[in-house]
Amino acid sequence: MRRLVAISLGVAVLLIAGVPAGADSQTDQGRELFEVHCATCHGEDAKGGDVAPSLVGVGAAMADFQLRTGRMPMADVGVQAVRKPSPFTDEQIRVLVEYVASLGEGPAIPTVNAAAGDVSRGGSIFRTNCAGCHGAAGRGEALSYGRNAPDLYLATPLVLAEAVRTGPSQMPVFDQLTDQDVNDVAAFVMSLQKDPDPGGFGLGRLGPVPEGLVAWLVGLGLLVGAARAIERKSS
Amino acid sequence: MKRRLILGSLALSVVAGAGLTLAYVFAGSNVMQGALLAVALGGIGVAVVVWSFTLSGGETEEARHLPATDDGIEDDLRVRESSEAPSRRTFIGMMAAAITSLVVALAAPFRSLDPGPGPELFHTKWSAGARLVDIDGIPVRAGDIDIGGVVTVFPEGYAGDGQSQSLLLRVDPTVYTPPTGRESWAPGGHLVFSKICTHAGCPIGLYEAADQLLLCPCHQSTFEVLEAARPVFGPAPRSLPQLPIAITQDRWLVAQSDFLEPVGPGFWNRDR
């Protein structure tokens, strides 16, 4: 009798362990990951909670943006999610995105090709639509109530296109931009990222005025100090 | 001697004041105007100082003497007045002439004031039926921007016009309750506000879509989009003017009229 129970228990364990493995779909894997990492705030059914919005219908592009930039999972419920290294592998991100996308219809992950973009035209579009918040040099700006528009120096073309199409956090949606417009903007932002800092220190890319100020104060100060040192030595 | 000096410097001041007026009107050199102003003021100054000496009798040493009778003092003053000072009537007349001449000269720059601002501060290029176009002059259709989207718009034919620049925002019409009197201003959740901050006139480029706030980057004035762009933070004194818009049968977004109040920062005759 005891042996029978043990056997049937063993069979049951095998069955329970085996069924998910057998019928495993990516959405299920995604749901598992979701329940472990996301459900605390977004709820078991992803319909949102006290501190987090519903994810039904946000779409694959939004989920991919938030996960790929490490903004989700949030380390702390602050004024806004901040960029950090993602704890997930690319594969885990993919299945999570697939799960969120399965919850409801939303923007799909866009395709973007920065190499096909026109940097000059992208600059013009960027200054019209993006520079208000992200700054003409893409270094980001302060917003209200402690929030900020982040700098774009780590943005990849894909992440950029996802942000343009979905409007994460406080960002508006820029649906009026065509795919080619987004390619151009991506090309421009990539060119911003490659901007060299010949002096070794960009000074927040604030422009020629602070650069001149530093040159005058530091440069002149060093020269005066050197002149004094020479004078002291010779006398 | 003193009499001649007083009347002479006052006369010089009158002439210099008149000369200053002419020099300003005919755009004489700054140096000339400065010299004439110095002479006009200096003439009055010299005359007043010298005249004051005639009253006190100047700095003279007097022998000590017994208190004079009242008659004696009056005699003394009468003698001095007649001999050194101009008659009171002449002095006051000349002084009035010098001061008038100077005041006229100082009032002359009022000629240079520009005419008042006129009607252009009260109106923009928006008019009934004007289509909304973007910075490139391309008209915007209803639905071109998604909920949570933003685009800077101008009246058709005036793309880039600073006074008319406006923000077209699209909010979810199911969560937007229009303020009383503005029920028909925002069809389909398309809201249009003047882009010029009511504080110092900066373009308000920062739209925080999740919280429905518009933020001015210059002094952090913050406007609540869903409450008729009421200022909720910062120095802005007034709400952003809202442009009433409509959707045509061809789905174009058009203005119902111009803004109903002047856009941008206040000016001196704004509320007259």
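In chain B of this predicted model, strand β6, which covers residues 213-215, is joined by 3 bridges to strand β7, made of residues 222-224, and the two strands run antiparallel. Within this pair, B:L214 of chain B has B:F223 of β7(B) standing opposite. Strands of a sheet pair through backbone hydrogen bonds, and they may do so in a parallel or an antiparallel manner.

Is B:Q212 buried or exposed? With a relative accessible area of 13%, B:Q212 is buried, since buried means under 20% relative accessible area. Another residue of chain B, B:A27, is not a glycine either and has a positive phi of about 55 degrees; B:A27 lies in the loop between α1 (2-25) and α2 (30-56) of chain B. Its relative accessible area, however, is 63%, so B:A27 is exposed, the cut-off for exposed being over 50%.

Chain B also contains strand β2, residues 150-155, which is mostly covered, with 6 of its 6 residues buried. In a regular strand the side chains alternate between the two faces of the sheet. In β2(B), the residues B:V150, B:T152 and B:F154 point one way, while B:V151, B:V153 and B:P155 point the other way, and all of them are buried.

Which strands pair with β2(B)? One of them is strand β1 (residues 132-133) of chain B, which pairs with β2(B) in the antiparallel sense over 2 bridges, and here B:L132 stands opposite B:P155 in β2(B). Another is strand β3 (residues 166-170) of chain B, whose pairing with β2(B) is also antiparallel and runs over 4 bridges; in this case B:T152 stands opposite B:L167 in β3(B).

Turning to chain A, the reader may begin with a pair of helices. Two packed helices are described by the angle between their axes together with the distance between the axes. For α4(A) and helix α8 (residues 157-166) of chain A, the packing angle is about 130 degrees and the axes are 9 Å apart. The two helices α4(A) and α8(A) are therefore oblique to each other, and α4(A) passes α8(A) in a left-handed crossing.

Which residues meet where these helices pack? From α4(A) come A:A61, A:M62, A:D64, A:F65 and A:R68, and these meet A:L158, A:V159, A:E162, A:A163 and A:T166 in α8(A). Sorted by class, the contact of α4(A) with α8(A) has 6 nonpolar, 1 polar and 3 charged residues.

The loop between α4 (59-68) and α5 (90-103) of chain A is where A:P73 lies, and the peptide bond that leads from A:M72 to A:P73 is cis, with omega near -5 degrees.

Terms used
Residues numbered from 1 in each chain as written. Chains lettered and ligands numbered in written order. Predicted model: local features only at pLDDT ≥ 70, side-chain atom pairs only at ≥ 80, totals over all residues. Heavy atoms only, no water. Pairing = 2+ DSSP bridges. Buried < 20%, exposed > 50% of the residue type's maximum accessible area, 1.4 Å probe, protein only. Axes fitted to C-alpha atoms, helices over the stretch in contact; angles between N-to-C directions. Parallel < 35°, antiparallel > 145°, perpendicular 65-115°, else oblique. Left-handed = near helix turned anticlockwise from the far one by under 90°. Contact = heavy atoms within 4.5 Å. Nonpolar A, V, L, I, M, F, W, Y, C, P; charged D, E, K, R; others polar.
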